[in-house]
Amino acid sequence: MTYTAVLLICAVTLALAFWGLRLRRTAGDFYVASRRVSPWMNAAAIAGEYLSAASFLGVIGLIVSVGALGLWLPLGYAAGFVMLLVFVAAPLRRSGAYTLPDFMMLRFRSAALRRITALVVVVLGWFYVVPQLHGAALVTDFATALPGWTGAAVVVGLVLAVVLSGGMRSVTLAQAVQYWIKLTALLIPAIFIALRWDSVQHTASGGGADAASGAITSLSDQLPGDPLVVFSLVLALSLGALGLPHVLVRFYTNPDGASARSTVTVLLALLGLFYLITVFLGVTAALVLPDDDAAADADTALLQLPAVLFDPVASDVLLALLVAGAFAAFLSTASGLVVSVSAVVSQELFGGSVAGFRWGAVIAVVVPVLLTVMTASLGLAGAVAMVFTMAASTVAPVMLLGIWWQRMNAAGAVAAMLAGGSASTAALLSGILFFGSEAPVLLAYPGVWSIPLAFCVAVAVSLATAPMPSAAAVVARLHLPEG
């Protein structure tokens with residue numbers, strides 16, 4: 001039954017790719033779906049690509065492995081879109097740019113900054129695809145008799161099929177549908193668990209409602225956790241959303257700034273519904289599954305639930321549904337990342353052509369495949385949090401200050417991206433290479449200092465160098481209504 005679920009997801013994804021091929025007419029369809037995506041469709045597509053392996057499996061795994069700290073992840077993920085709604089969505093759409101490097105060029109008139117931004121976008125995209133491939137391998141190894149690499153190969157093949165066929169048009173359709181598949185895959189098991197909550201209480205800790213009550217109390221006693229870790233994590237997740245290229249590119253597909261804001265409003269409702277279900281399943285898994293600190297085992301906590309709580313027939317059906325939802329998560333997020341990287345590669349190296357976009361798609365998947373082969377999973381939620389920290393330390397400060405502070409100039413933007421990017425990357429890599437799971441907090445969670453560092457460097461360098469004469473007109477364009 002698990003194989004059937006995966007095949008159905010593959011068939012649906014390919015069908016949507018060919019449908020997108022029929023709709024694709026121009027280069028604008030490839031890059032931004034001709035800027036005609038409605039708020040509801042765009043919100044579902046953003047939710048589809050944003051709710052990655054870390055959201056579908058990693059949040060639940062983190063709640064199981066480290067307790068209440070895992071409850072902060074949904075809060076941070078959702079808070080990022082509040083920041084987008086208030087500060088970024090409408091101005092970014094009014095810029096009229098196709099990609100983040102295009103926006104940086106429009107605002108700062110700096111070829112050096114454009115190249116740095118392009119490099120950051122590509123690196124972030126590569127690092128973000130890797131956890132999706134690790135997740136696909138993990139689920140395949142857990143739920144089937146196939147080797148794990150076949151799951152990653154399926155994801156790579158389908159993503160290339162979708163992106164190469166119709167670009168943003170195909171990806172938008174696929175991601176919108178995949179969001180509802182993911183939501184359904186979590187909602188149905190959650191309903192079944194809620195309907196037999198007495199059995200869950202009996203299973204928890206080996207018996208009875210008292211044991212379940214004690215486990216819940218123990219979980220709540222951990223709140224708020226280490227304040228420094230919590231603050232760093234929530235700060236990185238909140239600001240990291242402002243620096244994720246596959247999320248920001250979505251606002252270029254809206255018709256205007258007002259529809260971009262409407263998109264984020266609908267999106268917050270879709271994310272809130274998803275994360276409520278995720279937290280419920282995470283707490284349930286923490287109650288009924290044995291303690292295990294291994295990241296890989298924790299990431300399969302959601303997949304272990306059906307066998308613990310239900311009879312074999314129901315367990316097989318629910319497991320197949322969860323596997324289908326997991327593959328929808330891997331495919332939708334990887335597709336969005338490949339589109340954003342492809343667009344940047346095409347614009348920077350191939351003159352923005354459709355053929356260049358397709359070559360960019362190949363480049364966008366080759367490096368993550370190699371990284372997946374050479375690395376082991378760090379835990380899905382932890383790996384994605386690292387990418388958020390890097391995005392929050394590089395792109396996010398430049399985006400916020402560039403949109404809202406007229407005095408911000410190209411020198412400040414370049415200095416901020418170099419300082420924040422080098423600091424966060426050096427801290428994360430040194431923590432992994434030299435300390436492993438015992439890394440000090442300031443290395444494991446560097447956002448608490450690398451993000452303020454980037455902001456301070458941007459302000460200091462901008463004030464110490466000459467202002468940009470063109471800034472006033474560009475900032476006005478970002479904030480004045482269209483027309």
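The bend at a residue is the angle between axes fitted to the seven residues ending there and the seven starting there. The model is predicted: local features need pLDDT of at least 70, side-chain atom pairs count only at pLDDT 80 or more, and totals for chains, interfaces and linings use all residues. Residues are numbered from 1 along each chain as its sequence is written, and side-chain values use heavy atoms, with hydrogens and water left out.

**View 1. Helix α18 is kinked at A392.** The kink is about 40 degrees. α18 covers residues 380–404, 25 residues in total. From first C-alpha to last, α18 reaches 34 Å, close to the expected 36 Å (1.5 Å times one less than the number of residues). Of its 25 residues, 23 are buried (under 20% relative accessible area, 1.4 Å probe, protein chains only).

**View 2. T140 sits in helix α7.** That helix spans residues 111–143. T140 counts as buried because its relative accessibility is 5%. Leaving out residues up to four places away in sequence, T140 touches L146, P147, G148, T150, G151 and F327 (contact: heavy atoms within 4.5 Å).

**View 3. The whole chain has 22 helices and zero strands.** Helices (H or I, at least four residues) and strands (E, at least two) are DSSP runs, numbered from the N terminus. Of the 483 residues, 58% count as buried. Among contacts with a separation of 6 or more, 84% join residues 24 or more positions apart. The accessible surface is about 17500 Å² (Shrake-Rupley method, 1.4 Å probe). Carbon and sulfur atoms hold 72% of that surface.

Technical notes:
Buried < 20%, exposed > 50% of the residue type's maximum accessible area, 1.4 Å probe, protein only.
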